[in-house]
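Visitor: Please show me the model, and let us then discuss how its features are assigned.

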Amino acid sequence: MISKKMENSLNQQLNRELYSSYLYLSMATYFENINLVGMSKWMRIQAEEEHIHSMKLFDFIHKIGGRVVLEQINKPQLDWESPKKAFQEALAHEEYITKNINELTDLAIEERDHSTRTFLQWYVDEQVEEEAVANEIVQKFNLIDDSKSGLYMLDQELGARIASPVTVAK
Ligand code: FEO
């Protein structure tokens, strides 16, 4: 049995994951528009992964007898000052999501809701990965500085990303 407070908090997180997907899709179109198709592909895959994150919550809320409530998704930014700025924002966004996941986990512990606590562990681990990957890309932007050939090579590298075979468990 899940508390109403926990159910509402999980629904809020579902909305945040949908927004994350929307934000990265917006970054994908930004990169497409400035002809950095590798970065666009990277962001598109990221957007798809965020959708999977939201659907994991969708399934879990149903499984525990809760009600999924879909709220309005905020409109994401359309353009960024530079490719590096977009990835810096992605990193800042992941740090924000980590903070939310930690708060949700604190609530599950406080309520002695062990099933939700166990469910959230996947997100705790995933956030370590999400932050590390975004940070690594920002560091690469720092290394190439203003080099156009460096930007070209980084675009090629990020375009090689392959979607991870994560499936939505029902
Ligand atoms: Fe769903 Fe990128 O965190």
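Visitor: What makes up the lining of the second largest pocket by class?

Guide: The model is predicted, with local features requiring pLDDT of at least 70, side-chain atom pairs requiring pLDDT 80 or more, and totals for chains, interfaces and linings using all residues. Residues are numbered from 1 along each chain as its sequence is written, and side-chain values use heavy atoms, without hydrogens and water. That lining has 4 nonpolar, 2 polar and 4 charged residues. Asp, Glu, Lys and Arg count as charged, Ala, Val, Leu, Ile, Met, Phe, Trp, Tyr, Cys and Pro as nonpolar, and the others, Gly among them, as polar. Lys84, Asp145, Asp146 and Lys148 are among the residues lining this pocket, and therefore belong to the charged class.

Visitor: Why is the span of H5 called close to the expected one?

Guide: The expected span is 1.5 Å times one less than the number of residues. Helix H5 (148-159), a DSSP run of H or I of at least four residues, numbered from the N terminus, has 12 residues and reaches 16 Å from its first C-alpha to its last, against an expected 16 Å.

Visitor: Which residues of H5 are buried, and why are they placed on the same side?

Guide: Gly150, Leu154, Asp155, Leu158 and Gly159 are buried, that is, under 20% relative accessible area with a 1.4 Å probe and protein chains only. They cover an arc of only 165° around the axis, and therefore lie on the same side of H5; the arc is that of the directions from the helix axis to the C-beta atoms. On the other side, Tyr152 and Met153 are exposed, meaning over 50%.

Technical notes:
1 Å grid on protein atoms, 1.4 Å probe; cavity = no way out; pocket = protein on both sides within 12 Å on 5 of 7 lines; lining within 4 Å. Helix = DSSP H or I, 4+ residues; strand = E, 2+ residues; numbered from the N terminus.
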